[in-house]
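Subject: Structure handover

Hi,

Here is the structure for you to look over. My notes follow below it.

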Amino acid sequence: MAKETSKNCLVIVESPTKAKTIRKFLPKSYVVEASMGHIRDLPQSAADIPEKFKKEEWAKVGVNVDQDFEPLYVVPKGKSKVITDLKKKLAQAEILYLATDEDREGESISWHLLEVLKPKVPVKRMVFHEITKSAIEHALTDTREVDMRLVRAQETRRILDRLVGYTVSPLIWKKIAYGLSAGRVQSAGLRLIVARERERIRFRSATYWNLEAELKKSGNNGGVFSAKTIALNGKRIATTKDFDESTGKLLEKKDGEILLLESTEARRLEDALRTADYTVQSVEEKQFTQKPSIPFITSSLQQEANRKLGMSARDAMRTAQSLYEQGFITYMRTDSPNLSSEAIRGARNAVEELYGKEYLSPEPRQFTSKNKGAQEAHEAIRPAGAEFKHPRETGLTGRELALYEMIWMRTVACQMAEARKLSVSVRVEATAGKDRVTFSASGSRILFPGFLRAYVEGTDDPEASLEDREVILPEMKSGDKVSMNSIEAQSHTTKPPARFTEASLVQQLEKEGIGRPSTYASIIDTILDRGYVRKLGNALVPTFTGVAVMQLLENYFENLVNYRFTSEMESSLDEIAEGKREYLPYLKQFFLGKAGLAEQVKSQEKKINPTESRTVQLDHLKEVEVKIGRYGAYVVKPGKAGTEEIHATIPDDIAPGDLTVNQVEDLLIASEKGPQSLGKDPKSGLDVYCLSGRYGPYVQLGQVTDDQPKPRRASLLKGMDPKNIELEKALELLSLPRELGMHPDKNKPVLTNLGRFGPYVMCDGDFRSLKKDDNVFTITFDRAMELLREEKKHRRGAQSLKTIGKFEEQDIELFDGKYGMYLKWGKVNATVPKELDVEKLTLEQAIEIVKARAEVEKPSKKSRKKKK
């Protein structure tokens with residue numbers, strides 16, 4: 001416990017969870033309160049601008065460029081009560097401790113607290129990178145003032161982001177489509193994803209063949225192993241790496257002639273080698289060691305959480321934040337892999353206790369960052385404290401347990417002995433007539449597992465993880481005879497470059513110096529939220545809109561998406577944080593200089609042709625145009641003489657690189673022909689059509705008319721071919737929704753239907769997706785009720801956790817959604833501040849949160865008049 005003091009002290013942190021953990025290590029005279037994150041920010045909308053500034057043009061941006069880039073700070077809705085409470089607590093205190101996070105954002109929060117609270121008592125800034133007894137006690141005795149260099153760096157970042165967003169975005173609205181936007185760092189991240197899609201479009205596949213044999217060593221001790229062809233009559237057989245990705249042809253090699261094995265020759269060899277003699281030509285054994293991975297930094301934690309645990313970057317950071325605030329791990333925003341001597345001792349003690357002394361590295365390992373701009377916290381992400389709490393002893397569950405266990409294992413493994421392995425490479429020659437075919441087989445054996453006992457690093461390539469498994473070959477020596485059990489000629493096709501996953505994108509962002517560890521998650525979230533990128537499985541795929549936005553930025557604002565320029569901006573912010581650079585001259589140069597952003601926008605706006613900007617350039621589709629419209633992407637084919645051009649909507653689930661000429665032709669033919677009747681509905685007498693729209697193919701009863709602007713429609717099920725759908729199946733789809741019966745408790749109908757995200761059952765606004773084995777046309781009432789009783793999962797992955805209680809006759813429910821915890825009260829969805837401990841959330845707090853949100857969503861008097 002910290003040393004008792006007679007003075008009343010107020011300690012301010014960001015979140016209730018952090019406050020609760022710190023409170024355990026402080027005397028009773030210390031009152032710990034939460035600011036609930038930032039208490040001031042730039043205005044988010046015109047409604048946030050104070051009345052006296054509303055007529056000022058610069059106030060719309062929130063930065064007064066003419067007055068040395070002075071930011072306009074406002075108190076966000078819902079934060080006034082927090083400030084009032086903090087002022088009351090401060091009035092009773094004799095010392096104020098600011099204990100926000102130790103990075104730039106935390107420093108900025110502390111500065112804003114000083115600006116708003118205006119304390120008349122001594123102020124001390126305490127920092128720590130873990131919430132443990134010793135760390136808090138040390139922080140209390142080693143306080144400092146708020147570091148204005150860090151504050152200026154954070155403020156400069158915020159101003160830069162606002163200037164880019166509010167200056168370039170309106171131009172994109174005019175030239176492409178309303179509502180689109182551009183961001184300083186996010187745009188460079190989007191460029192990486194679009195560039196990869198273009199590589200895939202330019203890619204030309206190639207086909208090659210080889211042979212794989214199952215061989216067996218002769219004799220009683222013979223074992224079976226697999227071997228593949230590598231050479232024919234001394235010429236190396238081509239593999240994937242030997243082809244040019246842009247042409248699909250063999251690359252010219254300086255290291256000898258390459259043989260492209262084609263199907264006819266491969267089949268001939270397959271037959272000839274069935275009776276061939278097989279002899280071992282060489283056996284090479286090599287011992288090698290493998291070192292453990294360095295401890296986690298922010299970027300590597302996000303990558304591993306995505307690969308091993310399937311977490312998004314945002315989920316990984318949110319979970320890590322919770323672990324830090326509960327005192328389980330050190331601070332999670334860091335690009336330093338350094339470990340303190342206390343941490344090294346803790347890791348080595350854990351190794352010796354769990355695995356024995358032989359598994360310890362001979363000397364303690366220390367790690368340094370390769371990144372010259374490494375900043376934020378001072379230490380790697382590791383279990384907190386001098387003694388690492390074993391995952392089983394934490395009481396954690398779910399994602400928190402999984403992430404803590406991964407951090408614990410990685411930290412412990414870094415102080416373990418290297419793994420020792422033996423690799424074996426065998427060459428076998430088969431002679432069949434004049435043909436000499438060389439086969440290769442590789443094996444590996446772990447001689448001593450070392451750190452592998454604790455941790456194996458994940459990979460973006462599922463097949464590559466097989467390298468960590470042992471492949472045991474039978475003992476052989478040169479001259480040994482082997483027999484052939486089976487042989488097969490195999491065809492292979494080269495694959496285009498893989499799309500980025502969240503893990504590989506974070507890796508590339510770090511490599512290019514785009515953003516900083518604390519911004520990677522927001523970069524990915526932003527480009528997904530704006531509809532510039534979507535997820536296809538685990539892959540990040542650019543949308544046609546994303547490609548169009550990137551074209552405009554590349555053509556007219558290349559520096560904003562230039563990787564080097566973006567990286568240099570980050571370095572400049574680092575220099576401001578270190579006191580090596582003044583923030584104001586930098587802002588003036590960036591925005592008001594001769595080649596500054598303001599001048600660029602002014603000069604380029606007139607040059608940008610809206611028609612060209614809305615046209616997506618795709619190298620593989622030259623005969624048609626792909627354009628961006630109000631409702632998404634569509635293809636345009638010029639009409640013949642005297643006829644209008646033909647338009648056809650491109651379904652959202654087709655990626656730019658996957659759109660083929662055949663698909664375009666099908667879309668245009670369907671659009672040109674117009675609705676083609678599958679037959680008539682026997683009940684209504686109306687024609688039934690199969691059409692294609694933004695969300696894919698669907699069937700429709702009747703045509704759109706003035707009397708029937710929204711005819712009955714139903715999406716096709718996954719796997720249904722719109723070309724081959726018959727009237728009977730279309731009518732079956734149109735029979736939805738089906739009423740299965742009345743809910744016994746709600747006395748409302750239970751329905752089953754198809755939606756954009758698949759088949760579902762619902763009752764009174766309560767939805768559940770059907771499982772894989774359920775059929776929307778045959779599901780029974782009992783089965784539907786069984787699904788409705790299951791824990792609710794929303795289409796964005798939101799999961800109903802519990803009902804907090806009732807307010808004005810309606811339940812307030814707590815959900816875990818894609819973007820964090822939120823409360824649902826009727827039609828109101830209200831985000832739970834991340835600083836609140838949802839486990840301790842009371843009904844009174846929940847009511848306060850939903851009421852504040854409902855107040856924000858109320859239409860203004862002006863909008864109500866318009867509505868009338």
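The crossing of α5 and α14 is right-handed. (A crossing is right-handed if the near helix is turned clockwise from the far one by less than a right angle, left-handed if anticlockwise.) Helices here are DSSP runs of H or I with at least four residues, strands are runs of E with at least two, and both are numbered from the N terminus. The axes of α5 and α14 (residues 544-556) come within 11 Å and cross at roughly 120 degrees. Axes are lines fitted to C-alpha atoms, for helices over the stretch in contact, with angles running from 0 to 180 degrees between N-to-C directions. The two helices, α5 and α14, are therefore oblique to each other. For the cut-offs, under 35 degrees is roughly parallel, over 145 roughly antiparallel, 65 to 115 roughly perpendicular, and the rest oblique.

From α5, the contact uses V168, L171, I172 and K175; from α14, it uses V549, L552 and L553. Contact means heavy atoms within 4.5 Å. The residues of this contact divide into 6 nonpolar, no polar and 1 charged. Nonpolar covers Ala, Val, Leu, Ile, Met, Phe, Trp, Tyr, Cys and Pro; charged covers Asp, Glu, Lys and Arg; the others, Gly among them, are polar.

Before the rest, some ground rules. This is a predicted model: local features need pLDDT of at least 70, side-chain atom pairs count only at pLDDT 80 or more, and totals for chains, interfaces and linings use all residues. Residues are numbered from 1 along each chain as its sequence is written, and side-chain values use heavy atoms, with hydrogens and water left out.

The axes of α12 (residues 502-512) and α13 (residues 520-529) come within 10 Å and cross at roughly 120 degrees. α12 and α13 are therefore oblique to each other. Their crossing is right-handed. On α12, the contact is made by E502, L505, V506, L509 and E510; on α13, by Y520, I523 and I524. These residues divide into 6 nonpolar, no polar and 2 charged.

**Cores**

The largest nonpolar core has 140 residues, and F128, I329 and L553 touch the most other members. Helix α5 (residues 148-175) gives the most to this core, with 9 residues. A second, separate core of 30 residues includes I237, A266, Y278 and L422. A nonpolar core is a set of buried Ala, Val, Leu, Ile, Met, Phe, Trp, Tyr and Cys residues joined through side-chain atoms within 4.5 Å. Buried means under 20% relative accessible area, exposed over 50%, and partly exposed in between (1.4 Å probe, protein chains only).

What does F128 touch? Leaving out residues up to four places away in sequence, its partners are K18, I22, A99, E102, A135, I136, A139 and Y324. Two of these names, K18 and I22, come back in helix α1 (residues 16-23), where the buried residues are T17, K18, A19, T21 and I22. The cover over the buried residues of α1 includes β1 (9-13), β2 (30-34), α4 (133-141) and α9 (313-325).

**Single residues**

- I230 sits in strand β8 (residues 224-232). I230 is partly exposed, at 30% relative accessibility. Residues up to four places away in sequence aside, I230 touches K235, R236, I237, R427, T438, F439 and S440. Its C-alpha is 8.9 Å from that of L211, 19 residues apart along the chain.
- L592 is in helix α16 (residues 583-592). L592 counts as partly exposed, at 46% relative accessibility. L592 and D66 are 526 residues apart in sequence, yet 9.8 Å apart in space, C-alpha to C-alpha. With residues up to four places away in sequence not counted, L592 touches V65, F69 and L587.
- D782 belongs to helix α21 (residues 781-788). D782 is exposed, at 59% relative accessibility. D782 and L740 are 42 residues apart in sequence and 9.0 Å apart, C-alpha to C-alpha.

**Backbone points to check**

- L736 and P737 are joined by a cis peptide bond, with omega about 0 degrees. P737 is in the loop between α20 (727-734) and β25 (738-742).
- M36 is not glycine, but its phi is positive, near 60 degrees. M36 lies in the loop between β2 and β3 (63-64).
- N747 also has a positive phi, near 55 degrees. N747 is in the loop between β25 and β26 (749-755). N747 is exposed, with a relative accessible area of 57%.

Best wishes
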